[in-house]
Structures are given as structure tokens and as C-alpha cells.
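Colleague: I'm new to this one, could you walk me through it?
Modeller: Gladly, here it is.

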Amino acid sequence: MHAFNLSPLSLLFLIFSLSFCGTFCLADWKSSAVNPFDSSILLPVKGNVYPLGHFTVSVTIGNPPKVFELDIDTGSDLTWVQCDAPCTGCTLPHDRLYKPHNNVVRCGEPLCSALFSASKSPCKNPNDQCDYEVEYADHGSSIGVLVKDPVPLRLTNGTILAPNLGFGCGYDQHNGGSQLPPLTAGVLGLGNSKATMATQLSALSHVRNVLGHCFSGQGGGFLFFGGDLVPSSGMSWMPILRTPGGKYSAGPAEVYFGGNPVGIRGLILTFDSGSSYTYFNSQVYGAVLNLLRNGLKGQPLRDAPEDKTLPICWKGSKAFKSVADVRNFFKPLALSFGNSKVQFQIPPEAYLIISNLGNVCLGILNGSQVGLGNVNLIGDISMLDKMMVYDNERQQIGWAPANCSKPPRK
């Protein structure tokens, strides 16, 4: 989720808010189903890979409405907000916490059962409240209870809705990792389980069960729900693999370096917007790092072990201001999928950052060192300036180069 934080491998659902349109008026609220192929929900995104380490959207919840800034995470299903029930480990001021109001979801409700397999359900009685506990890969965690509340949404066709959606009221948070706790209000889980936001909105016939994001290398971007903003051409598509936990995974893929195959094959890749950086298992990471180091021979760069921004950094004769200053020293990477000729391009600006010390650092990390085992994650840095689409109806993942600084037009 954050600079070294990875998304949870967990559960749950969603909520959402206003689009690029301005102030929302309660008097305009109305419940109406629309043709799910007719419109989408379009939301502005804030954040960057470095130095913030996350991309967020503002989600409005309740009546009267309160705005919550949530970390966008396609690697998990659980959407939750910091909750005054009361709260342990919350990072927001008391008046910015979500306040439950006898709106707890019960164990007997379908939304609760969608969170757990029969063997893992904490419920003993259908009238009990639906509790959850989720642990993140960086050993952070959230404990809470599932609740429901209206979530005002504006569709791109102008229709305004306030569906009653389920999400987590997190009253016990633990921050993992060595960094300061994030200032976001919670996590927006966008995985492909039956409890997520996209699935619930689709079940209500508001939008198709399709979502996408476009993160700009300059910061910001947009997020959408629904199918009508997906480009009709120019997209590369791969089937979503059925993997444990319902991740957005594709493969097998082969690594290309400088336009040539390098003998690294069989990678299964998970697309995870909750991870700031891209993670390869130790074998792939070591091979890619060797390729990069060999490619830098003769270039005016030296190792910068004193820079602790990321594990691998290089310095030049003077401080760098942007990746454009160094991109010619590095060759592009690409991931080629099977015999389909589909490639996921990773140019230097999609795997490098410039640290606050003016050095260039590698945004591809060793996942085995942080407990990911053999998992390979494509994080935010490698999805910059790409339209990423997760089509849960057709069970496919797509991408295309895009100007993410401008919202799409129908």
C-alpha cells in the first residue's frame, strides 16, 4: 500500500463518492437503477509513487455525508475506514473518524457470508455482528465490524445515486513496517470477490462489473467503475488467472530487456495498485538487477549505498532532477505473455525514481526479502501512464498507454 507496504491478501467490499463534478447536494439524492451499459462512475485520484507512496480517492459516506480519503488497492477485497467505536491505533482526528449508528451487518446477511469461506467464518449465530480481521503483507492489520451506509455517487450520465453499501468499520489498527502510519482514512479494496464495490454496484444494476485506473507519472489520475470508459481499441488483453485469494493475475510471461528475451520465463504476475513498487521473487529480481548493472557499464553512474530511499540507488556527477535526466542510461524492460504477442512495457520511467537526494533509485524490489515468496507483483510504478482495466465480467485484464492527467471522455 505504501512505499514498502504491500496490499492485504484479504477480504471485503466498498463504497464510493463523487466524480470530477463539484459539490454534492443532499437534495439531489435519488435512488434509480440505470442501464448498466449506459454510464460509469468517474473519480479523481490524488497521490504519487514517490514521495507519498500511494494513490487515493475521496469517498463520501453517510447522511449527513463525510468524506474519507482511501488508498486504492486492487490487491485486496476489504474496504474499511477508521471508525470511532471507539478506535485504537487510528491516525485521524476524532472528528474525521466514521461514526457507526446501529447499522451493523449481521452474520446471517449475504454480504457477511461473501467475506468468508464456510471454514473461516467467525460467525456462530446469524444474529451476531459480522466481525473481520485483516492482516497486510507488511504485518499491518485492521480489526473491525461490517456496516452499511449510503454512499453518494454521480454517474457520468448525470444521474445521482445513494446506494446502501457495505464496508468495514475499523476500530483497531496496527501499522506495519518502519514508516510512519499513513494519513489516509482507510483502504479501498478493489479485488474481484463477491463482496467488493464493483460487484455490489453491478448487482444493483448501476454499472457493469468493470473497473479501471490511470495513474499519472506527474501525480494524480483517475479511477472509474463501469464499462463505457474502456477504450474501444488499442488495449492489450490477457485472461485473469484463477489463483488463491482472487487476485488480478496473468501469465505465464517472459522477461525482455532492451527488446530481447533473456531466458527468464514462466512468471505469473499480479497487478496490485496497493503496492507502490514492483516486486519480483529473488531469482527473477537477481537476474533483472544483473542485466541492469551490466547495461550501466561505461555509464557515468556510481552506486549510492548511503541513499536509503530504496535498496538500490545510483548517483551521478550532480543531482538528477527527473528520470528524464537518466533514462538514456537504462534499457526498457517488457513482459511478454506466451504465444499471444501481448507485451506489458516497462520503460525506465516505470521502474526508476529520483530520490530527494537527487539520486536515481530502482523501483523493482526483491519480494522474497519481504515475505512474498515466489509472488511477482506489478506495482504502481510500473502502471504509471497506462490505462489499466479489470473486467470482471469477461475475466480479463487490459492495459494501454494513456495520458492519465486528463479524465477520459465518452
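Colleague: Which residues does UniProt list for "active site"?
Modeller: The unreviewed UniProt entry lists Asp73 and Asp272 under that heading, with positions in the numbering used here, feature names shortened, and annotations that may be inferred rather than shown by experiment. Although spread over 200 residues of sequence, the two cluster in space, with a largest C-alpha distance of 6.6 Å. Keep in mind that this is a predicted model, where local features need pLDDT of at least 70 and side-chain atom pairs count only at pLDDT 80 or more, while totals for chains, interfaces and linings use all residues. Residues are numbered from 1 along each chain as its sequence is written, and side-chain values use heavy atoms, leaving out hydrogens and water.

Colleague: Where is Asp73 found, and where is Asp272?
Modeller: Asp73 is in strand β3 (residues 66–73), whereas Asp272 is in the loop between β16 (267–271) and β17 (278–280); helices (H or I, at least four residues) and strands (E, at least two) are DSSP runs, numbered from the N terminus.

Colleague: Is Asp73 buried or exposed?
Modeller: Asp73 is buried, at a relative accessible area of 0%, and Asp272 is buried as well, at 2%. Buried means under 20% relative accessible area, exposed over 50%, and partly exposed in between (1.4 Å probe, protein chains only).

Colleague: What does the side chain of Asp73 reach?
Modeller: The side chain of Asp73 reaches the backbone nitrogen of Gly75 at 2.9 Å, and that of Asp272 reaches the backbone nitrogen of Gly75 at 3.4 Å.

Colleague: Switching to helix α3, which of its residues are buried?
Modeller: Val284, Tyr285, Val288, Leu289 and Leu292 are buried in α3. They cover an arc of only 130° around the axis, so they lie on the same side of α3, the arc being that of the directions from the helix axis to the C-beta atoms.

Colleague: And what covers them?
Modeller: Among the elements covering the buried residues of α3 are β14 (249–257), β16 and β17, where contact means heavy atoms within 4.5 Å.

Colleague: What about β26, which strands does it join?
Modeller: Strand β11 (residues 210–215) is joined to β26 by five bridges, antiparallel, and six bridges join β26 to β27 (residues 396–401), also antiparallel; two strands pair if DSSP finds at least two bridges between them. β26 and β27 form a hairpin with four residues between them, and Gln395 in the turn has a positive phi of about 55°.

Colleague: How many residues of β26 are buried?
Modeller: Six of the six residues in β26 (residues 386–391) are buried, with Lys386, Met388 and Tyr390 on one side and Met387, Val389 and Asp391 on the other.

Note on methods:
A polar contact is a pair of N or O atoms within 3.5 Å; within protein, one must be able to donate a hydrogen and the other to accept it, and residues adjacent in sequence count only if both atoms are side-chain atoms.
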